[in-house]
Amino acid sequence: MPPVLNDTATIRLQLPADAGRADRSYEIVVGSGVIGSVGPAVAATGARRTVVITDAAVANSHAAATADSMRSSGLDVATLTVPSGEASKSVAALERLWNEMARLAVDRHTHVIGVGGGVVGDLAGFAAATFGRGLPIWHVPTTLVAQVDSAIGGKTGINLGAGKNLVGSFWQPRGVIADVDTLATLPDREFKSGMAEVVKYGMILDPAFFDWLEANAGTILARDAVALRHVVSRSAALKADVVERDEREITGLRAILNYGHTFAHAYETAAGYGTLLHGEAVAIGMVSAAALAQSLGRIGPDVVTRQEQLLRSFDLPVTVPTGAAFTSDALLATMARDKKTVGGRLRFVLPTQIGHVELVDGIDPATVRSIVGG
Ligand SMILES: NC(=O)c1ccc[n+]([C@@H]2O[C@H](COP(=O)([O-])OP(=O)(O)OC[C@H]3O[C@@H](n4cnc5c(N)ncnc54)[C@H](O)[C@@H]3O)[C@@H](O)[C@H]2O)c1
Ligand SMILES: [Zn+2]
């Protein structure tokens with residue numbers, strides 16, 4: 001075999017035209033050092049001006065590298081930085097961005113570049129979707145969660161006091177450039193939390209990927225660049241495929257991405273936001289979903305065990321934290337409010353085997369109660 005000189009993976013996400021854009025398809029580029037290609041990619045569209053939106057954790061590193069790449073390509077760049085953390089997905093932070101963009105005289109031909117994790121991506125995406133009735137957005141995700149999940153598929157939004165992600169829009173990016181080298185600076189707990197979503201892709205769609213994760217957990221945890229490229233590119237391709245077939249969560253296909261999430265949201269709420277990272281709650285949620293599937297006779301104990309062992313190999317929690325005062329009443333009440341329920345009956349995404357799930361409606365709350373205990 002010839003030596004691999006260009007080890008970048010490019011995934012094309014195909015979408016139909018709409019009234020606003022003749023071609024909404026875009027590329028997701030995954031590789032080592034690809035942050036340097038952001039400038040050339042944006043400049044190739046004929047853009048002249050750009051606004052980088054980032055957070056304090058990566059402003060001086062990955063966002064600065066992105067801005068350098070754009071200046072080298074002859075683009076004008078302004079950078080807007082928000083504080084790190086979920087609190088930046090707020091009306092107040094969005095209003096500040098809108099005002100800054102107005103001050104910079106941003107016009108409809110200015111491209112917005114979000115550089116950061118899912119918080120920056122959701123916020124910058126929504127700012128781009130709304131300012132000037134819609135500006136082009138590019139995502140440069142720098143967390144594992146953002147590279148395998150939030151940067152792909154066009155969901156943007158902010159939180160309200162009444163709940164997470166209550167205001168937002170679908171706004172597909174012009175392109176996604178995921179540089180796995182940016183993951184080197186990610187705190188360990190954030191990295192492992194992102195691996196829960198990766199395990200999810202194996203469980204819902206790809207048994208061979210699940211096998212590969214089992215065989216390569218050590219190199220992945222060591223953040224080997226070649227392993228990370230496969231983790232990110234395979235996950236991104238699987239998500240892109242689902243988004244292509246059900247962009248706006250209409251047919252029910254996109255709902256399979258919520259595997260483990262109905263339980264996870266209940267655990268996150270019960271624990272108090274911030275106690276469990278989202279991926280940690282998803283890990284526990286997938287264990288609960290598998291237990292539910294087993295109790296309904298949909299899978300055998302082998303599937304439950306393999307999933308749990310893979311999650312453990314990434315140092316993810318598989319039971320709710322000790323000391324957490326969860327009552328099954330509180331958990332069931334949260335699940336009943338979850339948007340995945342229809343008409344008060346409980347609906348879950350449940351595995352039938354490794355690599356395949358089904359949306360199951362009308363599950364008896366008593367069965368769910370026996371899974372969450374309390
Ligand atoms: N739009 C979607 O489809 C979608 C999907 C999943 C999650 N989300 C959203 O994404 C958010 C979670 O994303 P997240 O987990 O990336 O959180 P995040 O953006 O808060 O990033 C986690 C932490 O890592 C820091 N950080 C980011 N990149 C870094 C790097 N390379 N090195 C060091 N530190 C870095 C951030 O400043 C933050 O403190 C939630 O708001 C969630 O609702 C959206
Ligand atoms: Zn998730």
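Modeller: Happy to walk through this predicted model with you. One definition before we start: a donor here is an N, O or S atom within 2.8 Å of the metal, and water is not among the atoms, so a site may look incomplete.

Biologist: Thanks! Which protein residues are the donors of the zinc ion (ligand 2)?

Modeller: The contacts to this ion lie 2.0 to 2.1 Å from it, and a donor has to be within 2.8 Å of the metal. Along the chain, the donors follow the spacing E-x63-H-x16-H. The residues are Glu197 through OE, His261 through NE2 and His278 through NE2.

Biologist: How many residues apart in sequence are the parts tied together by glutamate 197 and histidine 278?

Modeller: Both residues are donors of the zinc ion (ligand 2). Glutamate 197 sits in helix α6 (residues 188-205) and histidine 278 in helix α10 (residues 278-295), so the pair links parts whose separation in sequence is 81 residues.

Biologist: Is glutamate 197 buried or exposed?

Modeller: The cut-off for buried is under 20% relative accessible area. Histidine 278, at 28%, counts as partly exposed. Glutamate 197 has a value of 0%, so the word for it is buried.

Biologist: Let's turn to the strands. How many of the seven residues of strand β3 are buried?

Modeller: Strand β3 covers residues 49-55 and is largely enclosed by the rest of the structure. On one side, seven bridges join β3 to the parallel strand β4 (residues 76-82). Five bridges also join β3 to strand β5 (residues 111-116), again running parallel. The number of buried residues in β3 is six.

Biologist: Last one: what distance separates the C-alpha atoms of arginine 248 and threonine 334?

Modeller: Arginine 248 is in the loop between α8 (225-245) and α9 (261-271), and is partly exposed at 43%. Along the chain, arginine 248 and threonine 334 are 86 residues apart, and their C-alpha atoms are separated by 24 Å.

Terms used. Residues numbered from 1 in each chain as written. Chains lettered and ligands numbered in written order. Predicted model: local features only at pLDDT ≥ 70, side-chain atom pairs only at ≥ 80, totals over all residues. Heavy atoms only, no water. Donors = N, O, S within 2.8 Å, 3.2 Å for Na, K, Ca; no water. Helix = DSSP H or I, 4+ residues; strand = E, 2+ residues; numbered from the N terminus. Buried < 20%, exposed > 50% of the residue type's maximum accessible area, 1.4 Å probe, protein only. Pairing = 2+ DSSP bridges.
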